[in-house]
Amino acid sequence: MMGHVDQLASTINFLTLGQEASHAFPIAQAIDEMKWAGWILWLPILSMLFCGVCWILRVRGKAPAWATVFLLGSSFFITVALFMNYSAPVTIHLFDWINIHWAGGSLVANFSLYVDKLTLLWMLFVTGLGTLIALYASEYMEADLGVGYSRFFAGISFFLFAMSCLVMGDNLVMLYLGWEGVGFASYWLIGYYYQKPSAVAAAKKAFIVNRIGDLGLALGLYLIYHYFGTVQYAELFTQLQEGVDAETAAKGGWMIKVIPFLLMLAAFGKSAQLPLYVWLPDAMEGPTPVSALIHAATMVTAGVYLLCRMFPVMQLHELALPTVAWVGGLTALLAATIGMAQYDIKRIMAYSTISQLGYMFMGIGLLTTFGAAYHVFTHAFFKAVLFLTCGAIMHGFAGQLDLRKVSGLRHMKGWKITSYTMLYACLCLIGFPLISSGFYSKDLIMAQAFITRGPGFTALGMIAILTALLTAYYTFRVWFRVCAGETKYEMGDEHHDDHGGVEHHPHAPGPVINFVLVAICVGAVASIFLGGWAESMVNQSSAQIIDHGEHLVGFWGDPHRWMPLVASSVGLLGLAIAWWFHLANRKAADSLRALLLSNPLTRWLPTAMENKWYVDEIYHALIRAPLWGVGVLLYMIDRYLVDMLLVDGIGRLPRWMGRAFQPLQNGVLQSYAISMAGGVGLVVMLILYMPKLLAWLGGAS
């Protein structure tokens, strides 16, 4: 047992933070000032309440949108003020929440803010992009002016409140509150079009799949409290910085090493990684601003934030981070292969999000939390642009999202801003050399695969490079098909004109949508120059990495020098392939697909990719259908055995007996005489024959 304890303690000390004070990250100090920072949380709640009043009064104007934009914008400016006043990590107490003490211990989880540089990094883009996307939605959701309009912006406001609680809470209980809150907000907004069965099904799917991950977070929270005696970050990180003592290691045993895997499960669910990624593509059933806000820039990054924030805890088991890296890499590759064969441009962007999230998880597992967090930051901007441009196309072409039915967008009047902001965002996504933010953030992660020593990390780096090639292909497959080429289009059938008929001509985005697209694009450009700033933000938080010298620079040279060249070459190759098949010679793509389908040896590849590798069908066969069958069986047992035979049967027995004897009480004198005679006869028979019967039974036994 002592050997096991010593091994655990040495693993903690080596893999986490070490003992040198120079390497210790700063622990937050509690202060009573700066309570004004709490308005970052309260303003979204005020916005939600105002939208609720508008819903009750059935306001048909844009008051819910303007109030939401103003209050969320104010929350962003308070975040900027908090950033400008930041000097060291602090805990800001807002009010007492859970504060329980007993003889053997205590549980303290107050409503307080944990403000360090990682918190500020996340909150700056969450509140900033949240404000701009709400502004975009003010025009995009015009068709729903009235009750639906208020309901939509109330959902957006609640989401920002929940996300702020998740990121800014100073303890795991408050993080869990925000975690569940963003899950509920996602259910609320994905199912916004509740009249559509597909939207309702997508909302339920997102909620249920996320609940699997939420169970991991709940169990991880419990085990952390049980073995470390606290759920507050400052106290927990202090303990981990000092190393796990022998008493705690002996008390926890293998259960302590399970904690990273439980947190990992939670992150995989919220951030759509294998095997829990299946909810994110279906979430595109919600309005496009929801896709941009929740499923590109904020909610899906909650899992990455969790692992960065709890990075010291993630190192309680030596295989936890390699597992994160491999799951991220395989998810990135799988999602990229599916995205290559889809035709709905929003779903292609959804699979792209899953793939890029895979890169972020890879970065954490490869010990570059800075690379992961920086890619979160850059991805938030360019992926928001991609979703919002897809939304503008959908809005203008009556719901049309099929890339085969819209072409030459950049040549149409009023669509140049949409086309060229999408172009720049596509360049960022593929990591185009020098001018795109993805070039600087994604390459960091790919290079790290050839630096960090771990199980098969070199192969993981090769997978990352292959995924980059596929990413460049499917990204520009969309842009070349939709924005380039000859001008032609086919309208969708979701929106209607003022007279109730189907629209026959596209309408270009208005000034608000165009302004937001340009503003976020400017943010994407600015993020190129913020790499050093982002690195300092991450390295002065609980997500900092201590360099233990475990690298392969001697064998591979310096991957940070040659990876930009390799990644750029691969990206340009993918772009060139997309140009050939989807712009220069579009018939070649159809011919290649027909050729693959005609050959029995290759038919499976395009079929499987177009059907998303049949993952949903496999889940249905192995999990959903058996659970449904068990549910039906239990329902039948409950209804026909428990209810009908036991509960209802016992309840009906006196009534049945009463009905059996009811004829005896019919009021007819002759009937009573017959009953009395029969009773006398029965008594006589018992007196005469009962002793003989009992004697016979006794002899037989």
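This is a predicted model: local features need pLDDT of at least 70, side-chain atom pairs count only at pLDDT 80 or more; totals for chains, interfaces and linings use all residues.

Reader: Where in the fold does Y614 lie, and what is the phi of Y614?

Author: The general idea is that most residues other than glycine have a negative phi, and most peptide bonds are trans. Y614, found in the loop between α26 (604-610) and α27, has a positive phi near 55 degrees although Y614 is not a glycine. The element names follow DSSP runs numbered from the N terminus, where helices are H or I runs of at least four residues and strands are E runs of at least two.

Reader: Where does A398 lie, and is A398 buried or exposed?

Author: A398, again a residue that is not a glycine, has a positive phi of about 60 degrees. A398 belongs to the loop between α17 (369-396) and β4 (406-407), and A398 counts as buried because its relative accessibility is 0%.

Reader: Which residues does the cis peptide bond join?

Author: That bond links L274 to P275, with omega about 0 degrees. P275 sits in the loop between α10 (254-270) and α11.

Reader: How many helices and strands does the whole protein have, and what part of its residues counts as buried?

Author: There are 28 helices and 5 strands, and 54% of the 701 residues count as buried. The C-alpha atoms fill a box of roughly 110 × 75 × 60 Å along the principal axes. The accessible surface, computed by the Shrake-Rupley method with a 1.4 Å probe, comes to about 29,700 Å², and 68% of this surface belongs to carbon and sulfur atoms.

Reader: What share of the contacts joins residues at least 24 apart in sequence?

Author: A contact means heavy atoms within 4.5 Å. Among contacts between residues at least 6 apart in sequence, 81% join residues at least 24 apart.

Reader: Which residues does G438 touch, and where is G438 placed?

Author: G438 is in helix α19 (residues 437-448) and counts as buried because its relative accessible area is 0%. Leaving aside residues up to four places away in sequence, G438 touches F382, C428, G431 and D443. G438 and Y136 are 302 residues apart along the chain, and their C-alpha atoms are separated by 24 Å.

Reader: Is L46 buried, partly exposed or exposed, and which residues does L46 touch?

Author: L46, a residue of helix α2 (residues 39-57), counts as partly exposed because its relative accessibility is 39%. Apart from residues up to four places away in sequence, L46 touches W39 and L71.

Reader: Are A30 and L215 buried or exposed?

Author: A30, placed in strand β1 (residues 29-31), counts as exposed because its relative accessibility is 67%. L215, in helix α7 (residues 197-228), counts as exposed because its relative accessibility is 52%. The C-alpha atoms of L215 and S568, 353 residues apart along the chain, are separated by 41 Å.

Reader: How many cavities of 30 Å³ or more does a search of the whole structure find, and which residues line the largest cavity?

Author: On a 1 Å grid over the protein atoms alone, a cavity is a set of points where a 1.4 Å probe fits but cannot get out, and lining residues have an atom within 4 Å of a point. Grid points are joined across faces, edges and corners, and a volume is the space filled by probe spheres set on the points. The search finds 2 cavities of 30 Å³ or more, and the largest has a volume of about 70 Å³. The lining of the largest cavity consists of K205, Y277, V278, P281, D282, I338, R347, Y351, K612, V615 and D616. The elements that give two or more residues to this lining are α11 (279-282), α16 (345-365) and α27 (615-661).

Terms used:
Residues are numbered from 1 along each chain as its sequence is written. Side-chain values use heavy atoms; hydrogens and water are left out. Buried means under 20% relative accessible area, exposed over 50%, partly exposed in between (1.4 Å probe, protein chains only). On a 1 Å grid over the protein atoms alone, a cavity is a set of points where a 1.4 Å probe fits but cannot get out, and a pocket is an open set with protein on both sides within 12 Å along at least five of seven lines; lining residues have an atom within 4 Å of a point.
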